[in-house]
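Keep the 3D view open and find each part as you read.

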Amino acid sequence: MTQGPKPLQTWQHLTTPQRRGRWLIYSLCLLAIVQSMRSVEIIPDFLWDAPTQMKDLFERMWPVEWAFYLTPQNTGAQTVHQALLDSLAVAFLSTALGVLLALPFALLAARNITPWLWLNGAARFVLVATRSISTLLWALFFVAMFGPGALAGTCAIAFHSIGFIGKMLSEALEEADSGSLEALSAAGAPVSSRLLYGHWPQVKPAFVAIVLFRWDINVRESAILGLVGGGGLGMALNASIDVFEWDRVALVLLVILAMVMLAEWVSTRLRQRVI
Amino acid sequence: MQTSTPFMVDVLGSIDLPPQHTMSEASLPNHVQPFRMGRAQQWGVWLILLILLWSLSRVDLSWARFVLGLEGAGKFVERMFPPVFDPRAELVKGLWETLQIAVLASAAGVVLSLPMGLLAARNLMPASVTWVARFIITLCRTFHPVIVAIVFVKAVGFGVLAGILALTVASVGFLGKLFAEAIEEVSMKQVEAVRATGASFANVLGFAIIPQVLFRFIGFIAYEVDSNLRNSTMVGIVGAGGMGGTLFAAFQRFDYDFVLGMVLCIMALIVLGEALQLLVKKVFGQ
């Protein structure tokens, strides 16, 4: 008695709907890229001119005008040194203010702290909305409110940071182990004690990491806010660009570079020590 | 009993035990304080407070200014409502350019970051290669996209291209780092197993590395598209195309209702992007 060969079984990594889903996404990406390529307006002459322009730019940037660091652009204006201090102050203050503003929304968005779904949703919406408005846009708003200066810059970065800090913090809060929380509520602890002795010790490392990470980003942002009047190094940058003093621009860029590098070094060291 | 003690002390002394709490310490007896901050942490908190105070002294915040600001904000908000979506052509053009910048910069960023991330992965490449790749990636990340955009506007003129190039640089800085870190965290067991079959380097990549990192890469790319979408609304302020230029212009002619209309459109775009991101993660999540 001969048994016919069994129907051939092929092993596949993915099920049919999974494969279709992937193909759909791949083709959507391709479509988006092709459509953008076809419609983008690029002037070829400008593109061919780019190397010459870059060469021209670097020639004008060299030699860097080091003296500009301590002499103001015109009498009464800030020196680059003062602008640098302003930028640092803006970065510190905006991070602190951002944490303060983000805290309530993070608590409201965390499902294991706030048991009402509609409140979670509302808090999440605030977090997405503040994040989707870029720092420069916030800066425009606050410059219109407070007038140009470091205050407007501080508020701008702080409001933009709400979304980032709030989202990360609420995720960290939700990941907290429920054991100690249940133990606390079983002992009759009020909400404040649950937060302080249940959640806080668990999210502390994450909190420090989030704040350091955001501070690092905010140092970078504080350098550009001046372009729209938010104070700091951006003001010096803008003033020099407006009059095509590229050797001064080069100096400001180098100062920004040094500041960013230093901030990254400090935040990396602190992260290693604290966590 | 007595004779064994010196021997014990000797043994214990040689292994350098940590100092033990004794009952003689006043605060400890029956009430240990597990949540107290250490000395270093206390110093840290004071230092942070000091820095914040110094920073506050630099931004000249005063009550009068705050009240004045609130008044200004009131007027501002009043003029923003109701939002206006005209001139429609300008709005659509800005949105379209923003999308173009985000899509093309992300695509170019991914294409450049894949080899960059691979070259920077310390578990696959020799040290000299990773050093160069890491330096390039760090350089791309150092400057804010807006500053990079200023340089590119000078190089290729006003318009979308400068924005695309600026955000491509930013994407390489971000994706390159994440890709390299993901590749470094790969399980080497599978790599060795594939290598043991005599596979070529390309096969090792295709069958041992990519399957392990694909899902994470997709997550990173989705995030980068999202962040490029947000940044592409900014680079326009220095003339690099997209919504930013239109926004800035509207601001300067005090067209605050049109500004609100544009901001609402940007928010809708970003929420849409986030929904797409969730969908992509679901499809690839298995």
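**Chain B at a glance**

From the N terminus on, the elements of chain B run α-α-α-α-α-α-α-α-α-α-α. That makes 11 helices and 0 strands in chain B. Keep in mind that this is a predicted model.

- Chain B has 286 residues, and 36% of them count as buried.
- Consider the contacts in chain B with a separation of 6 or more: residues 24 or more positions apart account for 70% of them.

**Confidence in chain A**

- The mean pLDDT of chain A is 83. In chain A, 95% of the residues reach 70 or more.
- Where is confidence lowest in chain A, and where is it highest? It is lowest in helix α2 (residues 44–61) of chain A, at a mean of 79. It is highest in helix α3 (residues 80–109) of chain A, at 90.

**Where the chains touch**

- The contact takes 49 residues from chain A and 47 residues from chain B.
- On chain B, these helices each supply at least two residues of the side that touches chain A: α2 (39–58), α3 (63–80), α4 (88–120), α6 (145–156), α7 (160–184), α9 (201–231), α10 (243–252) and α11 (256–285).
- Which helix gives the most to the side of chain B that touches chain A? The answer is α11(B), with 9 residues.
- By class, the side of chain B that touches chain A has 31 nonpolar, 11 polar and 5 charged residues.

- L151(A) sits in helix α6 (residues 150–174) of chain A.
- Is L151(A) buried or exposed? L151(A) is buried, because 25 other C-beta atoms lie within 10 Å, and the cut-off for a buried residue is 20 or more.
- Leaving out residues up to four places away in sequence, L151(A) touches F146(A), V59(B) and L61(B).
- A139(A) is 12 residues from L151(A) along the chain. The C-alpha atoms of the two are separated by 9.8 Å.

- α10(B) is mostly covered, with 8 of its 10 residues buried.
- The buried residues of α10(B) are M243(B), G244(B), G245(B), T246(B), L247(B), F248(B), A250(B) and F251(B).
- What covers the buried residues of α10(B)? The cover includes α5 (135–146) of chain A, together with α4 and α11 of chain B.
- F254(B) lies in the loop between α10 and α11 of chain B.
- F254(B) is not a glycine, yet it has a positive phi of about 60 degrees.

Two packed helices are described by the angle between their axes and the distance between the axes. Look at two pairs that involve α11(B).

- α3(B) and α11(B) pack at an angle of about 75 degrees, and their axes are 7 Å apart.
- α3(B) and α11(B) are therefore roughly perpendicular to each other, since that term covers 65 to 115 degrees.
- On α3(B), the contact is made by F76(B), R79(B) and M80(B). On α11(B), Y256(B), D257(B), V259(B) and L260(B) take part.
- The contact of α3(B) with α11(B) has 5 nonpolar, no polar and 2 charged residues.
- α4(B) and α11(B) pack at about 35 degrees, with their axes 11 Å apart.
- Is the crossing of α4(B) and α11(B) left-handed or right-handed? The crossing is right-handed.
- L91(B), G94(B) and L95(B) of α4(B) meet G261(B), M262(B), C265(B) and L269(B) of α11(B).
- The residues of the contact of α4(B) with α11(B) divide into 5 nonpolar, 2 polar and no charged.

**A helix pair in chain A**

- α3(A) packs with helix α9 (residues 233–242) of chain A at an angle of about 140 degrees, with axes 7 Å apart.
- That angle makes α3(A) oblique to α9(A).
- V80(A), A83(A), L84(A) and S87(A) of α3(A) meet L233(A), M235(A) and A236(A) of α9(A).
- The contact of α3(A) with α9(A) has 6 nonpolar residues, 1 polar and no charged.

Note on methods:
Residues numbered from 1 in each chain as written. Chains lettered and ligands numbered in written order. Predicted model: local features only at pLDDT ≥ 70, side-chain atom pairs only at ≥ 80, totals over all residues. Contact = placed C-beta atoms within 7 Å. Helix = DSSP H or I, 4+ residues; strand = E, 2+ residues; numbered from the N terminus. Nonpolar A, V, L, I, M, F, W, Y, C, P; charged D, E, K, R; others polar. pLDDT = per-residue confidence, 0-100. Buried ≥ 20, exposed ≤ 12 C-beta atoms within 10 Å, placed from the backbone. Axes fitted to C-alpha atoms, helices over the stretch in contact; angles between N-to-C directions. Parallel < 35°, antiparallel > 145°, perpendicular 65-115°, else oblique. Left-handed = near helix turned anticlockwise from the far one by under 90°.
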